[in-house]
Amino acid sequence: MKVDGQHFRSIWLEPDGWSVGAIDQRRLPHEFIVATITTAEEAGEAIRSMLVRGAPLIGATAAFGVALAMRADASDAALDRACKMLIATRPTAINLKWALGEMQRALMPLAFSERAEAAYARAREIADEDVAINHDIGRHGLGLIETIAATKKPGEPVNILTHCNAGWLATVDWGTATSPIYQAHDRGIAVHVWVDETRPRNQGASLTAWELGHHGVPHTVIPDNTGGHLMQHRMVDLAIVGTDRVAANGDVCNKIGTYLKALAARDNDVPFYVALPSPTIDFSIDDGIRQIPIEQRAASEVTHLTGRTSDGRIETVRVVPEGSPAANFGFDVTPARLVTGLITERGVLKPDHAALARAFPERAGIR
Ligand code: MRU
């Protein structure tokens, strides 16, 4: 997508042909800074520190991390070391495991001398595939927005609620939840987005609002607790969120607070959609609530807030009394029964095993 008229992806291969550029998401919305990643260790640190984040982008970064590792040492031991280091960076987004599996499958059969070039080629392919998948997710999700615009809201904006950042910054481009929104906006359909701030790290307030603003999409940032009230007053036509992992039974793991939005949506008959690329499906587990590992992050993300002061300084301040413990569960699981549909690159699916396996037999191990 565009930043001040210039097209950017969230991650790219630099013109030198080997180092990797990425937007430093820790600095947004206050500063637009490009980071250069030159080693597998730096790629790991970029994921761990959330310089890059969002399930598909974590996967693409890990793939480039393996390419950087192969450039330095293409032995089996180095490949194994890099994959072990990268898989340990964040536990919930399954795209990380998927991307590392793809890299290992592509590289293991090759001679050492061929591995670096092949690793860069596969990493670039993974990034390009993500862009194409997200574009297709947008095409399928667009139909849902078009229908609401035509039947329920003629002449009025369609109000869409989203949580966290499942935008182009969380992917290589387009985003998942935002792709239908961008495509609707680009076609002249009036949309307005309710952006959950998404405490504790505020990915909605700082990243989704920044993205939508730069693309000219009307939006309003709301405190996380506002969605239920808006739904009761018919101010939300549909919710679209992203996901870090979908279990084979259709349970959806996403940023903490997603489950509460799904409950409120069900209570108010608001359609609740989840947008996902197929690498986010984990066919190896059949019970999202019990089997998906939930990342727990530092308490300081809850006890402190970072922002820009009126004289332009970036400051971090404490908002919780000294001595009060804080818990920071990064994700929750929305049971499949609360999900209206899964917007994938192959269409809008029912959130159940049969529909997922039918649409993605090669991933489900059928065929
Ligand atoms: O902790 P984050 O910022 O990596 O969490 C991101 C999310 O929860 C997104 O909604 C999810 O990764 C989907 S991204 C298309």
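These legends describe close-up views of a predicted model.

**View 1. Helix α2 against helix α5.** Helix α2 spans residues 55-72, and helix α5 spans residues 112-151. Their axes come within 8 Å and cross at roughly 170°. Angles over 145 degrees count as roughly antiparallel, so α2 and α5 are roughly antiparallel to each other. The crossing of α2 past α5 is left-handed.

**View 2. Residues joining α2 and α5.** From α2 come Pro56, Ala60, Ala63, Phe64, Ala67, Leu68, Met70 and Arg71. They meet Arg115, Ala116, Ala119, Tyr120, Ala123, Arg124, Ile126, Ala127 and Asp130 in α5. By class, this contact of α2 with α5 holds 13 nonpolar, no polar and four charged residues.

**View 3. Helix α4 against helix α5.** Helix α4 covers residues 94-107. The axes of α4 and α5 come within 10 Å and cross at roughly 140°. Here α4 passes α5 in a right-handed crossing. Trp98, Ala99, Glu102, Met103, Ala106 and Leu107 in α4 meet Arg115, Ala118, Ala119, Arg122, Ala123, Ile126 and Glu129 in α5. The contact of α4 with α5 divides into nine nonpolar, no polar and four charged residues.

**View 4. Polar atoms at the ligand.** A polar side-chain atom of arginine 53 lies 2.9 Å from a ligand oxygen atom. Glycine 54 places a backbone N or O atom 2.9 Å from an oxygen atom of the ligand. For aspartate 244, a polar side-chain atom lies 2.9 Å from an oxygen atom of the ligand.

Technical notes: Residues numbered from 1 in each chain as written. Predicted model: local features only at pLDDT ≥ 70, side-chain atom pairs only at ≥ 80, totals over all residues. Heavy atoms only, no water. Axes fitted to C-alpha atoms, helices over the stretch in contact; angles between N-to-C directions. Helix = DSSP H or I, 4+ residues; strand = E, 2+ residues; numbered from the N terminus. Parallel < 35°, antiparallel > 145°, perpendicular 65-115°, else oblique. Left-handed = near helix turned anticlockwise from the far one by under 90°. Contact = heavy atoms within 4.5 Å. Nonpolar A, V, L, I, M, F, W, Y, C, P; charged D, E, K, R; others polar. Polar contact = N/O pair within 3.5 Å; in protein donor to acceptor, adjacent residues only side chain to side chain.
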